[in-house]
Amino acid sequence: MSELQYKPQDFKSDQYVRWCPGCGDHAFLNYLHKAMSELGIAPHETAVISGIGCSSRLPYYMNTYGFHTIHGRAAAIATGLKVANPKLSVWQISGDGDGLAIGGNHFIHAIRRNIDLNMILLNNEIYGLTKGQYSPTSPRGFVSKSSPYGTVEDPFRPAELAFGARGRFFARTIDVDGPTTVSVLTAAAKHKGASVVEVLQNCVIFNNGVHSILATKEGRAEYAIQLKQGEPMLFGLNNEKGLMQDGFGLKVVKLGENGITEKDILIHDAHTTDNTLHLKLALMQGPDFPVALGVIRDVEAPSYDESVEAQICEVQKNKKVRTLTEQLMAGEIWELK
Amino acid sequence: MAEALNIIDLENVVVRFSGDSGDGMQLAGNIFSNVSAVLGNDISTFPDYPAEIRAPQGTISGVSGYQVHIGTKKVYTSGDKCDVLVAMNPAALKTNIKFTTPQSIIIIDTDTFTKRDLEKALFTTDNPFTELHISNTVIDAPITSMCKESLKDSGLDNKSIIRCKNMFALGLVCWLFNRPLEHALHMLEKKFSKKPTIAEANIKVLTDGYNYGHNTHASVPTYRLESSETQKKGFYMDVDGNKATAYGLIAAAERAGLKLFLGSYPITPATDILHELSKHKALGVKTVQAEDEIAGVATAIGASFAGCLAVTTTSGPGLCLKSEAINLAVIAELPLVIVDVMRGGPSTGLPTKSEQTDLLQALYGRNGESPLVVIAATSPTNCFEAAFYASKIAVEHMTPVILLTDGYIANGSAAWRIPDLASYPEITPNYVPEGTENWKPYNRDPETKVRYWAVPGRKGFEHRIGGLEKDYSTSAISTNPANHQKMTETRKAKIEYISTCIPDLKVEGNEEASLLVVGWGGTYGHLHSAVKECNQKNKPVALAHFNFINPLPKNTLEVLSKYKKIVVCEQNMGQFAGYLRMNFPGLQMTQFNKVEGQPLAINELKEHFIKLMEE
Ligand SMILES: Cc1ncc(C[n+]2csc(CCOP(=O)(O)OP(=O)(O)O)c2C)c(N)n1
Ligand code: SF4
Ligand SMILES: [Mg+2]
């Protein structure tokens with residue numbers, strides 16, 4: 001990989017960006033360009049693979065190699081690409097429908113196999129492209145065109161699904177939060193193995209304001225917690241609140257109340273192998289808990305694509321045949337003279 | 001010598017080994033065919049597996065068979081009926097009697113014809129032969145007890161001893177056909193190289209079986225199959241169609257200088273291609289056992305985008321699931337080989353039986369105008385060529401190619417001369433030429449209409465492709481009506497152009513006949529044999545057999561229109577006939593269709609052809 005310095009501009013294609021004005025995908029796209037420029041991986045060594053959906057249009061706006069594929073299959077196509085050429089930096093772009101409904105099977109298996117992909121889930125809790133049906137992340141009771149009386153099913157929580165598939169990297173951000181988005185994207189790219197980044201994304205047309213409570217700096221200070229490796233889990237406008245362990249669960253505490261000091265607050269460790277606390281953090285939601293943003297889990301494990309290469313090397317060490325003819329001639333054969 | 005007088009010369013012989021699925025009939029049959037091939041005979045074999053994996057022992061549903069056809073000249077099928085039937089138990093006798101003629105010799109294990117065994121096979125009397133109305137020559141051999149006797153000092157447990165009884169039967173058959181045992185012994189040593197006691201036991205029982213024949217059945221004639229001189233010199237091995245397919249793909253990757261990638265999900269009868277390719281890590285082959293059929297093809301498409309020779313293998317139900325992704329490769333114009341080993345359908349259908357019923361699905365089973373190349377393999381060894389040329393066309397013409405094989409040729413095996421790969425044509429990917437400026441991904445060769453390929457990692461050729469229609473010149477997304485018309489016509493023209501790169505349709509048999517038999521794919525051996533036998537009887541008939549289905553060879557109409565009568569023979573209800581009618585309106589033809597899951601019967605074909613001639 002080259003060590004060249006890139007500008008966000010270098011990752012931008014000349015195509016007109018067609019998302020609705022105000023769509024959260026615009027902001028995300030800009031931060032992705034920025035993150036890629038910071039990574040220093042050349043555009044020609046980067047490939048962006050998407051499925052179908054508004055969000056899946058993204059590859060057309062990249063000046064990298066890109067493939068806008070079919071609904072739900074981005075993870076599987078990205079898997080083939082990465083296994084075929086592990087040297088590429090491969091990004092998968094999916095919406096909540098693309099990744100978790102029609103593509104749910106590929107999503108969990110790419111994570112389980114630990115393919116070294118950066119799997120971006122743009123979660124607007126709606127089907128945007130097909131004009132507003134509920135999705136597998138829409139909350140119970142959600143009213144949409146296909147659920148006029150509200151849904152009668154519970155949603156997937158992407159982190160839970162990822163962890164159920166043995167996910168080693170999970171991060172969350174929100175479309176409008178530039179610094180967090182850029183930092184989780186670069187962390188995802190640096191993580192070797194399947195990295196899932198859930199992006200809370202606004203659909204101005206069909207689900208406007210779905211994440212509005214977290215859309216402002218103040219809102220995030222109050223209702224979200226920015227997790228940072230090795231730092232205490234504090235949040236609030238003045239960092240006056242924190243998280244503590246409480247039996248088998250977590251609790252929100254106020255510094256200074258009941259003699260609680262910063263020393264009592266949990267310190268974030270994304271690298272711990274056990275995922276119990278990571279899951280607890282990832283599943284926190286209002287009104288009682290802040291939503292966790294940042295890198296929640298980041299644990300190393302052998303990636304599938306590198307293991308495939310390693311196995312080939314290992315076999316080649318012990319077996320000298322390199323052509324089909326050599327292989328066949330070494331088998332059960334006989335000669336007719 | 002008296003013995004020598006009892007030797008009968010034969011040109012062809014069909015032996016069918018049958019028994020319980022645990023009786024090792026596949027191994028016995030496989031060794032017998034190999035031993036014969038080493039002697040210079042041509043061979044064609046077909047295993048007949050039971051539908052259930054572990055049916056109760058001794059029952060009809062647990063019967064497994066392996067048919068071996070041996071000839072002093074070239075043999076084309078595993079044979080309709082057998083000359084020798086080995087039936088290791090009553091259930092095997094009952095299910096396989098339909099493969100015998102009144103002249104067939106039947107070898108039975110008398111130890112397994114007890115009252116209980118007969119009941120398990122649902123015989124209602126204690127004489128299975130009268131019950132089945134047969135009066136064939138039967139060699140009664142107490143195979144189980146002889147096997148036990150042979151190994152009584154071996155130290156093996158009873159179960160392991162009984163497992164060797166297939167070798168006793170094999171020894172007997174080897175004696176009957178004058179097959180020296182050396183090669184068989186060598187094969188057993190190799191097969192059980194990690195278990196020397198088992199190897200020794202098998203070898204002992206095999207030898208005892210041979211000697212038993214020699215000592216006790218001197219009055220039964222034995223047979224001689226002189227090795228044919230028609231076989232080409234060289235190194236040979238035994239391959240089935242699935243192995244040959246795998247080798248053809250590896251050969252193509254080698255000729256193209258590409259890495260071979262397989263994405264696949266296990267499905268009968270295609271799984272053995274996955275098994276085979278998974279072995280060849282030393283050759284750099286990458287295989288992914290995907291989470292489902294869609295991921296199988298999707299990973300292959302990803303690998304194709306990455307610049308590999310990318311393949312997915314499946315059978316009919318899997319092809320259904322893959323169709324949307326195949327269409328992505330159609331519109332993205334990426335090379336992809338899809339191998340469909342056809343089985344009986346619809347739905348799960350007859351998973352272990354063979355049909356040609358996926359033809360129209362392969363041609364048309366996708367949304368939109370979606371032309372792609374369809375090729376069919378004609379025999380186990382032809383799977384190698386077919387896979388090689390499927391790959392060559394896919395890579396050179398940037399298109400998905402569906403290769404149709406079927407359960408019969410996939411599992412059937414034959415002696416195969418290891419080819420000289422240097423004599424195969426090169427495969428040249430249509431890469432974007434060095435130094436190209438202002439390149440767009442859908443720029444194409446003006447003559448072939450093939451777009452130029454730029455593989456990720458190559459600097460200066462970053463580009464985006466996808467499932468949305470693209471502009472002919474700018475390669476950007478386009479919904480322009482005239483452009484869509486143009487792109488649709490271009491994709492069609494690209495596939496049609498391939499007809500100039502494939503061999504012309506040839507006619508065999510009596511070219512001057514007024515009746516032309518038309519077939520495609522895995523029925524070749526049966527059609528060839530039926531046509532040959534008709535001509536030998538002075539019933540003139542010609543045969544045109546298709547490997548290339550889309551596009552058709554360019555001389556197809558010219559050939560077909562020469563004949564007064566055409567009969568299209570297929571293992572489906574007339575799919576190729578319908579395809580020909582659509583391509584050549586006005587062309588008259590009749591049909592011969594069978595969907596019994598069994599290979600076509602040569603005799604039945606002959607009768608049909610003769611009747612047509614006389615009409
Ligand atoms: C096989 C198939 N089924 C259905 C569709 C229709 N479809 C396109 S996108 C989509 C859902 C998009 O939702 P999501 O993945 O959340 O993406 P968003 O538009 O919200 O970004 C659906 C149902 C399709 N393109 N292909
Ligand atoms: S419909 Fe929603 S998700 Fe789609 S582009 Fe518009 S705002 Fe974005
Ligand atoms: Mg969505």
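1. In chain B, helix 11 passes helix 12 in a right-handed crossing (the near helix is turned clockwise from the far one by less than a right angle). Helix 11 of chain B spans residues 241-256 and helix 12 of chain B residues 271-279; their axes come within 8 Å and cross at roughly 50 degrees.

2. The model is predicted: local features need pLDDT of at least 70 and side-chain atom pairs pLDDT 80 or more, whereas totals for chains, interfaces and linings use all residues. Residues are numbered from 1 along each chain, chains are lettered from A, and side-chain values use heavy atoms, without hydrogens and water.

3. Helix 11 of chain B contributes N242(B), K243(B), T245(B), A246(B), Y247(B), L249(B) and I250(B) to its contact with helix 12 of chain B, which contributes D272(B), I273(B), E276(B) and L277(B) (contact: heavy atoms within 4.5 Å). Six of these residues are nonpolar, two polar and three charged.

4. E469(B) lies in the loop between strand 17 (464-466) and helix 18 (481-497) of chain B. With 11% relative accessibility, E469(B) counts as buried (under 20% relative accessible area, 1.4 Å probe, protein chains only).

5. The side chain of E469(B) makes polar contacts with the side chains of H484(B), at 2.6 Å, and R491(B), at 2.9 Å (N or O atoms within 3.5 Å, one able to donate a hydrogen and the other to accept it). Beyond four places in sequence, the contacts of E469(B) also include I331(B), A476(B) and M487(B).

Conventions
Axes fitted to C-alpha atoms, helices over the stretch in contact; angles between N-to-C directions. Helix = DSSP H or I, 4+ residues; strand = E, 2+ residues; numbered from the N terminus. Nonpolar A, V, L, I, M, F, W, Y, C, P; charged D, E, K, R; others polar. Buried < 20%, exposed > 50% of the residue type's maximum accessible area, 1.4 Å probe, protein only.
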